[in-house]
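Please keep the sequence and the structure in view while reading.

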Amino acid sequence: MSARPMIIDTDAGVDDALAILMALADPSVEVVGITTLNGNVSLPNVERNVGTILNAFGAGHIPIYRGAARPLLVDAPDAADIHGADGLGDAGLRAPRDLESTHAALGIIELAKRYPGCTLVTLGPLTNLAIALSLEPNLAQYIGKTIIMGGAPKATGNITATAEFNIYVDPEATALVLSRGNLQPTMVTWENTLDHPILWDRWEALLDAGDMGKRFVRPMCTNLMNWAKTRNRPGMLMADPKAMAVALDPSCATVAHVYMEVDCGTGIGRGMTAVDPIGFSKKPANTYVATHLDIDKVIALITKATAVACHL
Ligand code: BDR
Ligand code: CA
């Protein structure tokens, strides 16, 4: 069976890095391009980080595209307090690469047309995807599956009282993706992450699984691990690897097909992702929301990535 083509859109980011490594380590997919955007840290940091991740894996041939430096309408905070000022845990991991000259939004369109039926995984805000959908309204017909890490349908926010970070950074882009794209994405939410922490003993075991775990992922995550332990977290939360696991193996998630709408107001609900499973809105379902994850399968897929050689 030939490998499934995959495009990854990312604001890397510590957990993005681990998710990208999972895709690279899985022979059932071929990563055909990585598109970058502002989010966890600024765009230049994200670009450097993606180069570093690819070089660590020995995948220097995969093209990297420069994307949105700001959200569509309203600037938003970054998450450097979680990911480190450089976005990779301030562990000194640096091996940058040259970028393509094409913009990330055009890169998504070109790659989707070159690899029809491809999987698109978004690990950051939805700015690039919204621009791509505006430029090519038929984009959905070229994409097989879209997996989005984002949202908090129960309004358990991680950046405000009600909103998950990726969606909060660019709610207008999210609204466009949900309303116009007909992508029918699968959303792996912040609540999925909270429901399925990777308990500390299992986290330690996956870091020790091999060279990549020991020399790249552990140093990258040290500050975040300490931060999480001082907050008495039961384990590592790691949102993006869970979305990647669902992209690699859909049986990692149970999903519900629902109508979802994002709040683009300016009050406490900005960025909140409300779902309507009962049908009050009388609008057709536009999203598959993950309701439960198989954490054993997720951990097995992460461990495949931490077991590989690190080329830095
Ligand atoms: C999401 O926001 C970022 O901090 C993470 O990389 C993840 O994509 C979690 O809310
Ligand atoms: Ca991310």
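A polar side-chain atom of aspartate 240 lies 2.6 Å from an oxygen atom of ligand 1, a polar contact being a pair of N or O atoms within 3.5 Å. The model is a predicted one, in which local features need pLDDT of at least 70 and side-chain atom pairs count only at pLDDT 80 or more, while totals for chains, interfaces and linings use all residues. Residues are numbered from 1 along each chain as its sequence is written, chains are lettered from A and ligands numbered from 1 in the order in which they are written, and side-chain values use heavy atoms, without hydrogens and water.

Two further side chains approach oxygen atoms of ligand 1. An N or O atom of glutamate 164 is 2.4 Å away from one, and for histidine 83 the distance is 3.0 Å. Taken alone, ligand 1 exposes 280 Å², of which the protein buries 94%; such areas come from the Shrake-Rupley method with a 1.4 Å probe.

Which elements give two or more residues to the shell around ligand 1? They are α1 (14–25), α6 (165–169) and α11 (239–248), where helices are DSSP runs (H or I) of at least four residues and strands (E) of at least two, numbered from the N terminus. The shell residues comprise five nonpolar, four polar and four charged ones; Asp, Glu, Lys and Arg count as charged, Ala, Val, Leu, Ile, Met, Phe, Trp, Tyr, Cys and Pro as nonpolar, and the others, Gly among them, as polar.

Leucine 123 lies in the loop between β4 (118–122) and α5 (127–135) and aspartate 240 in helix α11, so the pair ties together parts 117 residues apart in sequence.

Finally, the backbone deserves attention. The peptide bond from alanine 12 to glycine 13 is cis, with omega near -10 degrees, and glycine 13 belongs to the loop between β1 (4–10) and α1. Alanine 155, in the loop between β5 (143–149) and α6, has a positive phi of about 65 degrees although it is not a glycine.

Conventions:
Polar contact = N/O pair within 3.5 Å; in protein donor to acceptor, adjacent residues only side chain to side chain.
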